[in-house]
Amino acid sequence: YSRAFDLMVAGKHERVMAPYVDLLNHGFKSTYYEFNVGTQRFELFTKDGHPTGEEMTCNYDPKSNSEYLLQYGFVLPDNP
């Protein structure tokens with residue numbers, strides 16, 4: 001469950017596995033993802049741009065530490 005993504009595919013809500021994308025660490029940069037039906041690819045975007053050579057992360061959305069621990073196996077310092 002923690003490695004699945006919610007996507008709209010051809011107008012239908014789907015919960016999918018995305019190989020390698022599930023390996024991205026949590027980051028605080030605003031990101032979003034979508035499935036490109038034309039290329040059959042999962043695409044990750046950032047609203048702020050991304051410098052070449054820096055780690056690509058995915059924002060897991062605001063959650064409590066208990067949710068992060070249960071769903072992803074980590075906690076954040078100074079997060080209730």
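Helices (H or I, at least four residues) and strands (E, at least two) are DSSP runs, numbered from the N terminus. Residues are numbered from 1 along each chain as its sequence is written. The model is predicted, so local features need pLDDT of at least 70 and side-chain atom pairs count only at pLDDT 80 or more, while totals for chains, interfaces and linings use all residues, and side-chain values use heavy atoms, with hydrogens and water left out.

**First stop: Thr46**

Select strand E4, residues 41-46, and find Thr46 in it. Now show its neighbours, leaving aside residues up to four places away in sequence: Thr46 touches Lys29, Ser30 and Thr31. Contact here means heavy atoms within 4.5 Å.

Next, look at the polar atoms of the Thr46 side chain. A polar contact is a pair of N or O atoms within 3.5 Å; within protein, one must be able to donate a hydrogen and the other to accept it, and residues adjacent in sequence count only if both atoms are side-chain atoms. A polar atom of this side chain lies 3.3 Å from the backbone oxygen of Ser30. The backbone nitrogen of Asp48 also has a polar atom of the Thr46 side chain at 3.3 Å.

**Second stop: Tyr20**

Go to the loop between strand E2 (12-17) and strand E3 (31-36) and select Tyr20. Its phi is near 75°, a positive value in a residue other than glycine. Tyr20 is exposed, with a relative accessible area of 68%; buried means under 20%, exposed over 50%, and partly exposed in between (1.4 Å probe, protein chains only).

Move to the segment after helix H1 (65-72) and select Asp78. Asp78 has a positive phi, near 60°, and is not a glycine. Its relative accessible area is 84%, which makes Asp78 exposed.
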